[in-house]
Amino acid sequence: MTDLVERVREVLPSVRRDLEDLVRIESVWADPARRDEVHRSAQAVVELLSHAGFGDIQIVSEGGAPAVIARHPAPPGAPTVLLYAHHDVQPEGDREHWISPPFEPTERGGRLYGRGTADDKAGIATHLAAFRAHGGQPPVGVTVFVEGEEESGSPSLGRLLEAHRDALNADVIVIADSDNWSTETPALTVSLRGMADCVVEVATLDHGLHSGLWGGVVPDALTVLVRLLASLHDDDGNVAVEGLHESSAAAVDYPPERVRADSGLLDGVSEIGCGSVPQRLWAKPAITVIGIDTTSVAAASNTLIPRARAKISIRVAPGGDAVAHLDAVEAHLRQHTPWGAQVEVIRGEIGQPYAIDASGPIYDAARAAFRQAWGVDAIDMGMGGSIPFIAEFAAAFPQAKILVTGVEDPGTQAHSINESLDLGVLERAAVAEALLLANLARSSSNRFGE
């Protein structure tokens, strides 16, 4: 195993160069003007996998973004492992707020900055490093599946899984798109909240009115909306919608100073909600107002606003149903709209939560690989965010064991400006994955899942 660790370290410089080349491709599927870049990114992934030694590679699309499937057959009696990542990235936002250009990978303080350096082109890099460390001849079957629209909600993933079920069938599925507990402690993600969203629009008038002539007599839509949105939480910041599910979280220490450091909470601003941080973050529902449409401050006049709307994001604790939660939020909004204002709720995306039973020989093999690569035991961690497609993988391949790993850490700032990858974490994640493939081959005499 020591030789395998050294081989990972030997291939890492070339893997980093390949990662940097991928980061330079602006593969933002959410931006129609850059969809050609997503196709270029898929082709770049094909070339990397081909050079790594995969012979069976195809670009596939089922009405959505291009995805890449590469297959290396399993030796007789060995399991097949599906390695997942995605090559599309989030929009970069205001480039002026980036310390260095978002699509020019730049190293500072042991971190590689740039959009997609971590989420999730580092997942591709991890798979490449593990495969190359085995000299292109791993002791298990390896299928690499690199999706192209994860950051847009994976709308065509179900069709991809159905159309290419035989090519993607595996005993173990490794989803390399999650966090680690810290840069020094790895994590296996064993639960993820689901998600739903909606847009609520309120109307009080058929046209704007002079606020001096009518203010204090008829309600404006923005005041209605503010009061309605405030009703979603109690005074402590707990969700105040009835009927939402709450589960339980592991007793992991998450001290207030870490919350403040990891989140960037400003001085004097307090946490919200009741219960431990892991409980609130991983096992309780959350509701967030993520956008409001109304008159801007710059364009404001002394006018009662006739219509206003907001977008609401809902996180669903494992064991809950995202559709039922959206039903409950819609009912709450209709029941709590003040002063008889007209209200319309436009339902949006749905993604179910997921919980993993992380016991048995597959997870033992993974924990052993993490322990050797990182020098410490992995933490079984919940995820406050959502990866709804994991439930789709579980439904498509119910016999497979799912491992949710990743190359991110609390300082990554995925989806935000100045996203970055800790290069030490990349090395340890690549070593762990290479060791995992070896461990799965050795334990293949065990019937997985029994």
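Me: How many Å separate the centres of domain 1 and domain 2, taken over C-alpha atoms?
Reply: Happy to start there, bearing in mind that this is a predicted model. The domain assignment gives domain 1 as 1-192 + 353-446 and domain 2 as 194-246 + 284-351. Taken over C-alpha atoms, the separation of their centres is 37 Å.

Me: How much area do domain 1 and domain 2 bury between them?
Reply: The contact takes 10 residues from domain 1 and 10 residues from domain 2. Of the area buried, 65% is on carbon and sulfur atoms. The total comes to about 610 Å².

Me: How many residue pairs are in polar contact across the interface of domain 1 and domain 2?
Reply: Good one to ask! The side of domain 1 that touches domain 2 has 5 nonpolar, 5 polar and no charged residues. Across the interface, 0 salt bridges are found. For polar contacts, the number of residue pairs is 2.

Me: How far apart do the end C-alpha atoms of residues 191-340 lie?
Reply: UniProt, in an unreviewed entry, places the feature "domain: Peptidase M20 dimerisation" at residues 191-340. In the model that span is 29% helix and 23% strand. Its end C-alpha atoms are separated by 41 Å.

Conventions:
Residues are numbered from 1 along each chain as its sequence is written. This is a predicted model: local features need pLDDT of at least 70, side-chain atom pairs count only at pLDDT 80 or more; totals for chains, interfaces and linings use all residues. Side-chain values use heavy atoms; hydrogens and water are left out. Domain bounds come from an automatic or database domain assignment. Contact means heavy atoms within 4.5 Å. Buried area is the accessible area (1.4 Å probe) that two parts lose on being put together, summed over both. A salt bridge is a side-chain nitrogen of Lys or Arg within 4 Å of a carboxyl oxygen of Asp or Glu. A polar contact is a pair of N or O atoms within 3.5 Å; within protein, one must be able to donate a hydrogen and the other to accept it, and residues adjacent in sequence count only if both atoms are side-chain atoms. Ala, Val, Leu, Ile, Met, Phe, Trp, Tyr, Cys and Pro count as nonpolar, Asp, Glu, Lys and Arg as charged, and the others, Gly among them, as polar. UniProt positions are given in the numbering used here, feature names are shortened, and annotations may be inferred rather than shown by experiment. Helices (H or I, at least four residues) and strands (E, at least two) are DSSP runs, numbered from the N terminus.
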